[in-house]
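Subject: Structure handover

Hello,

Here is the structure we discussed handing over.

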Amino acid sequence: MNLLAQQLVNGLFIGSVYGLFAVGYTLVFGVLDILNLAHAAVFTLGGLVALWLVQTAGMSIWLAFPLATLFAGLLGLLLNQVAFAPLRKRADSQFSGLISSIAMAIIFEAVAMGVFGARSVRFPQGTVSVHIWHIAGVTITSLQVGIVLVAALLMVILTLFIQRTRIGKAIRAVAESERAAMLLGVNVNGIIASTFFISSALGGAAGILYGLYFDALAPDMGRSIELKGLAVIILGGMGSIPGAILGGLAFGLSEVLTVAITGTSNLRDAVAFTMLFAILLIRPSGLLGRGKMREA
Amino acid sequence: MKRFHRVFIAAVVFAVLIAAAAPPAFSAEAIKMGLVFSMTGGAAAYGATQKEGAELAVEQINAAAGGGLKIAPIFEDDASVPQQGTNVYNKLINGDKVIVVIGPTLSNTAKITNPIAQQIGVPVLGVSNTAGGITEIGDYIFRNSLTEAVVIPNTMKVAKEKLGLKKVVLFYGNDDAFTKSGADVFRKTLQAEGIQILSEQTFAKGDRDFSPQLTQIKAQNPDAIVCSALVEEASGIVSQARQLGIPKTVRIIGGNGFNSPALIKNAGEASEGVIVGAAWNISSTSPLNVKFVDDYTKKYNRPPDQFAAQAFAGVHIAYQAAKAAGTADNRKAIRDAMVKMKGLDTVLGKFAFTEGRDADHPPVVQEVKTGKFVVFSN
């Protein structure tokens, strides 16, 4: 029983990082119907920049975290300006945007490689002081709790932001119909840019949390999570924020339980993706997807 | 105008003559040595110190050679992948026409690249390959790195004696030639020593999250965790094991992949008490080793690891073979001299090759204590 509880905690933790990462994907997709494939590279750079701020600039992680998140957000603006905005007038902007975002991902990764080197790098010892709790036979570290809390907090803020604020409402309006939003006086380009900013900032934050916990940051670490992020948003329902969170948790749990039961990580991805297919057969629009409603 | 042309042609002819004349004169007294290490990718942590160790050896040999036999080194990066290793081997052997190759860093790469050298008849001296099936590739393939098959049984024997191990868990990477063959030796040794294997858990290269496996391991309550992994994964395993609350009394016993200061640097406090079998220990007091540790530390501002020591020794072994054979460009003569080599003094101790062209010198068992590898004594 303890064993199962511990594995569930492990899954909850990795799942919340997946969820946070996938929310960034789904946000851009929900608004623009475009997949931003440079999201994983922003994830990587977020983690690496936070590391640089801590290690080289000597900042505390509490300062480095918001700064690196902000930096990731700015990368999102850059992405929008360079990879997406110039193509928006084209009839095939969804496809060409996808390709140009791959190009940006390669550039970002190359920059990360040039600046930080190819080796795995780590946050210095004691960047965050880690307490270890044993509750009813389950071991939880303060770092894990912190990461789940930060992820949950960011998601709550995001949900409130989207539902309550003026910009949030505008984002939803643009998602519904760009043209109608423009007629109503919404600054569509500004809204798209801010969507990219928020999405990338969340991706960067996920990268920092991932780097802090696994303690191994490398220029190619985004690749390990890129496909999972895509699977998570499909599982949760394209464009749905709560869906991305739920999908992330489901994915994390399935991975952990597969490894725990089989004792090997060979089947980890196979089982996760099989589950994805199974759920799509039963619910083609994903767990919390809204089907084709918005197309109307 | 015409006169200018003639002067120009004369100058070109002169330059070509000099260029043509110079290299043979030089190469007659310099061994063209190809050195293939993983400078980027997963094994970059090993490749970097290997290159430093080899560079130091070349520098010292050339400085001491005076007018005698020198080494002309050509360093290449195999990027930790066999494909790139193959490209680099083809370039070195067919393009640069090297006489001997040192490397590559990973056994995985060596299995693909070394047949190329064997086919053409270029001696290869591996300085870090420890998996099975490397020197079996052919009679031109050597290594000075003690194999897991020698180091691991020695490690387990000492660990069992000192810790009284009865039941352990075997944890290894199952998609890599090196970690897998290490696990095979561990399994065989554990069976021979009568230590029970509670379960076997595996992971894949590039994994960062080991908590599911470690949680299962913790529940089985083993006396020790026996682990075959490369240093990147090993660091994650060691630190996550302690984070999950596996007590320090449950020692983690590692193979050759654990034997790098990078483990201590990466895992920090968590690495205390990790037991690692090794071919070389920094605290060995032989004069040659003391001088090597001194020189290396002075040059690179940090102490050498086993990989640097083996690369350093490798360059010396190849050089001594060429010297004994009295040639700088006869590949076969150098190979034959390596076979005959006996009791050569190196930083690894008295060195010779076995009949199977594997390394023959005494192994050590070490543990991490206050952030350093020291000889294991409980």
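Predicted model: local features only at pLDDT ≥ 70, side-chain atom pairs only at ≥ 80, totals over all residues.

Contact between the chains

Chain A contributes 25 residues to the contact, and chain B contributes 29 residues. On the chain A side, two or more residues each come from helix H1 (2-32), strand S1 (132-135), strand S2 (138-141) and helix H10 (241-262) of chain A. The most is given by H1(A), with five residues. Sorted by class, the side of chain A that touches chain B holds 13 polar, nine nonpolar and three charged residues.

Domains of chain B

Chain B is assigned two stretches, 22-146 and 285-362, as domain 1, while domain 2 covers 149-278. Taken over C-alpha atoms, the centres of domain 1 of chain B and domain 2 of chain B are 29 Å apart. Their contact involves 17 residues from domain 2 of chain B and 15 residues from domain 1 of chain B.

Which helices supply at least two residues each to the side of domain 1 of chain B that touches domain 2 of chain B? They are helix H2 (44-65), helix H4 (107-120) and helix H11 (306-325) of chain B. H4(B) gives the most to this side, with three residues. By class, the side of domain 1 of chain B that touches domain 2 of chain B has seven nonpolar, six polar and two charged residues.

Regards

Key:
Residues numbered from 1 in each chain as written. Chains lettered and ligands numbered in written order. Domains from an automatic or database assignment. Contact = placed C-beta atoms within 7 Å. Helix = DSSP H or I, 4+ residues; strand = E, 2+ residues; numbered from the N terminus. Nonpolar A, V, L, I, M, F, W, Y, C, P; charged D, E, K, R; others polar.
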